[in-house]
Amino acid sequence: VEKSLETQRRFVADASHELKTPPTAIGGMADMLKLGQDAEKQRKAIDIISRETDRMSRLVADLLTLSKAGQKPAEQTLEHLCLSVILRETVELLAATYPHRVTEVEAEENLFMLGNRDELGRLIRNLLDNAVQHTPASAKVRASCHLTPEGIVLKVADEGPGIEAADLCHLFERFYRPDSSRARKTGGSGLGLAIVKSIAARHGGQVSVVSEIGKGTCFSVVFSGVK
């Protein structure tokens, strides 16, 4: 019970800290606009207000997603889906966001499962975003999807700098960032991988990671309850 309460207190403290920053920035920029600054400063203030509003909206949406942890998706949102199709569609969307990055895809056809399309797309997008944002432009990113005796296995691997062994067991914790300065620079809140774990669990899946310094990282999600 004490461990659970401490986890809740830490989550509330971390969430409060993350939510505090955007309103502070928005308030400061609003005060600047009231002073009647020149057009260039007004434009910059409006850009910051827009950016911080988007950031807070994403954070709130992420927190709402995590609040569903441990719950199964609503039955009316479930459908028989082809995971390989969702993977290819998500990679195409990623290409529009990162036109100079190429993601290699190897997906077995007709990999059907019961799930929520939006949530599974979000899971894949988070893994791909994580790989692209935290690796140099020269690093290769590979996404694959195959049927194994254990179930459907989805993998996203990169040839980036790798992750320290001490950080691996904490990666799926809410707000955990191995390198907070790098995460903040790319707009990360430390919730992306926690959401991956939550969505995977809601679909009867398990997520794991292996990494080697200087060689890269591979995230795997095994959906054992394939229907």
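Modeller: Setting aside neighbours within four places in sequence, Leu127 is in contact with Leu154, Val156, Leu193, Val196, Phe219 and Val221. The model is predicted.

Biologist: What makes those pairs count as contacts?

Modeller: Heavy atoms within 4.5 Å.

Biologist: Where does Leu127 stand in the largest nonpolar core?

Modeller: That core has 43 residues. Leu123 and Leu127 are those with the most contacts inside it. At least two residues each come from α2, α3 (83-97), α4 (117-133), β4 (141-148), β5 (151-158), α7 (192-202), β6 (205-212) and β7 (216-223). The most come from α4, with seven residues.

Biologist: Why would nonpolar side chains be buried together?

Modeller: In soluble globular proteins, they tend to be.

Biologist: Why is His203 called buried?

Modeller: Its relative accessible area is 8%. Buried means under 20%, so His203 is buried. The residue lies in the loop between α7 and β6.

Biologist: What does the side chain of His203 reach?

Modeller: The backbone nitrogen of Asn116, at 3.0 Å. The cut-off for a polar contact is 3.5 Å.

Biologist: Why is Asp54 called partly exposed?

Modeller: Its relative accessibility is 40%. Buried needs under 20% and exposed needs over 50%. Asp54 therefore counts as partly exposed. It lies in helix α2 (residues 39-66). Asp54 and Pro22 are 32 residues apart in sequence, yet 9.1 Å apart in space, C-alpha to C-alpha.

Biologist: How do you know that β6 and β7 pair?

Modeller: Pairing takes at least two bridges. β6 and β7 have eight, in the antiparallel sense. In one of them, Val210 has Cys218 in β7 as its bridge partner.

Biologist: What is the strand order of the open sheet?

Modeller: The five strands run β2-β4-β5-β7-β6, with mixed pairing.

Biologist: What makes β2 (103-107) and β6 the edge strands?

Modeller: Each pairs on one side only. Neighbouring strands of this sheet are turned by 15° against each other on average, direction ignored.

Biologist: Which strands does α3 touch?

Modeller: β2, β4, β5 and β7. Its direction makes about 170° with that of β2. Helix α7 lies across β6 and β7, at about 145° to β6.

Biologist: How do you know that β1 (residues 79-82) and β3 pair?

Modeller: Four bridges join them, against a requirement of at least two. The two strands run antiparallel. Glu79 stands opposite Gly115 in β3.

Biologist: What makes the side chains along β3 (residues 112-115) alternate?

Modeller: Met113 and Gly115 point to one face and are buried.

Terms used: Residues numbered from 1 in each chain as written. Predicted model: local features only at pLDDT ≥ 70, side-chain atom pairs only at ≥ 80, totals over all residues. Heavy atoms only, no water. Buried < 20%, exposed > 50% of the residue type's maximum accessible area, 1.4 Å probe, protein only. Core = buried A, V, L, I, M, F, W, Y, C linked by side-chain atoms within 4.5 Å. Polar contact = N/O pair within 3.5 Å; in protein donor to acceptor, adjacent residues only side chain to side chain. Axes fitted to C-alpha atoms, helices over the stretch in contact; angles between N-to-C directions.
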